[in-house]
Amino acid sequence: MLTINNVTLLQDPAAESICQHILEHVCDTIMEFFNKDQVCALVLLGGYGRGEGGLIPHPVSGQLYPHNNFDLLLILNRHNNTDPRLEQSINQALQAIRHQADLGIDLSFTTVHKMKKSACRVIWYDMRHGHRTLLGDPDFVPSLTQHTLDNIPAWDVRNLLINRGALLLINRFLLAQSQPERYRSTVIKHTMKAIIGYGDALLFSRGRYHWSYAEKQQRMANEHAIDPKFKQLYLQAMSFRFTPSYSRFKDINLANWNETIITALQPIHLSCERKRLNKPELTWTSYLKSAADDAFWHSEDKFKNLVKRLWGLSTAGYPIIEGPSPWTYQALTQVEKLPLCFPYVLYRQEPLTEYSPDPITRHYLKNWQDFMDVNLGNLLDGYGLSLEDANI
């Protein structure tokens, strides 16, 4: 029997029991597809993996209940244990648990070989220090000693900021639909995650990042050189993460709020990029050339990236920067371009059109869905929305 305790910050016994029951069911379901020799480890990531999962009162029973998705990583011993059709079958089998628990369960797949060869990234640093091994070898993830804070490249944290900032762009898309109130909870949750992502990047740029949400909350509170208004936003977002309350947002105008938050986060993004590129005078006007030059000349694996860029010429997405742009930007792959053109999409000052998402937002999100995050399609499908039907 699986025994895993204290996956939530509040450690409410009844809520911990609910988490234990769901995770047991998930483990049993996954192991119906494998024998023990095929599985190296099944790992719980995210807030619950850190022991800092959020809880919210259930709308019917009032009992505290997990609020965020369970993020899981299945590490298989051999590559031939993985197969897209098998992964699809497992995810379909988990669908019943998702429905019954009314909770997101995100399962990713990898292999021992890939994990041992993986370069240091913030997601793996977080995982190494803040995870729970549900099944398999509990020593495997801690053995991935290449994932240290000092080894995390600054551009990877920039990508984390963009990943979270894209949620505000998705909010802008949702709020331009004809019934924006349908998306109130999603918009609020997206906004909190975006604020935390920007704050995490700011802490990293100041050498104060940590894998623990609670520790980051404390470190931000102790920072005296950060804009007090942003610090307050970050601390509120962290509190929301641990004990969310949607009622305090019930009367706000979501579209205005989303744009206000975007305006507040823009200088945080610029501050992080000034530090990363070592250009204290950087502005968004000069940003594209500086960032593109850095991405082109200072990538980790130049040969591998050259091949990707040549291949990228035949797999280009929708153009975002329509005016003249530096040749170093034009030479990048779409995956490399999207973080660099992001500020020109999210922070532009054009008035937004009601009930009609603007073309630039649509183009960017279509690229984001195609090249960065396939789960965006799942989110939009759940709302009966699509980026495909807009004649873009």
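The chain averages a pLDDT (the predictor's confidence in each residue, from 0 to 100) of 91, and 94% of the residues score at least 70. This is a predicted model, in which local features need pLDDT of at least 70 and side-chain atom pairs count only at pLDDT 80 or more, while totals for chains, interfaces and linings use all residues. Residues are numbered from 1 along each chain as its sequence is written, and side-chain values use heavy atoms, with hydrogens and water left out.

**Confidence by element**
- Helices (H or I, at least four residues) and strands (E, at least two) are DSSP runs, numbered from the N terminus.
- Among the elements of the chain, the lowest mean pLDDT, 70, belongs to helix H12 (residues 302–312), and the highest, 98, to helix H8 (residues 213–222).
- Where pLDDT is low, the predicted coordinates should not be read in detail.

**Domains and their interface**
- An automatic or database domain assignment gives domain 1 (13–147) and domain 2 (154–383).
- The contact (heavy atoms within 4.5 Å) takes 15 residues from domain 1 and 17 residues from domain 2.
- The centres of the two domains, taken over C-alpha atoms, are separated by 26 Å.
- Domain 1 and domain 2 bury about 1500 Å² between them, 51% of it on carbon and sulfur atoms; buried area is the accessible area (1.4 Å probe) that two parts lose on being put together, summed over both.
- On the side of domain 1 that touches domain 2, strand E2 (55–57) and helix H5 (122–129) are the elements that give two or more residues, and H5 gives the most, with 4 residues.

**Salt bridges**
- The whole structure holds 13 salt bridges (a side-chain nitrogen of Lys or Arg within 4 Å of a carboxyl oxygen of Asp or Glu).
- Across the interface of domain 1 and domain 2 the rule finds 0 salt bridges.
- Asp126 pairs with Arg50 in a salt bridge whose closest N and O atoms are 3.0 Å apart.
- Asp126 lies in helix H5 and Arg50 in the loop between helix H2 (46–49) and E2, so this pair ties together parts that are 76 residues apart in sequence.
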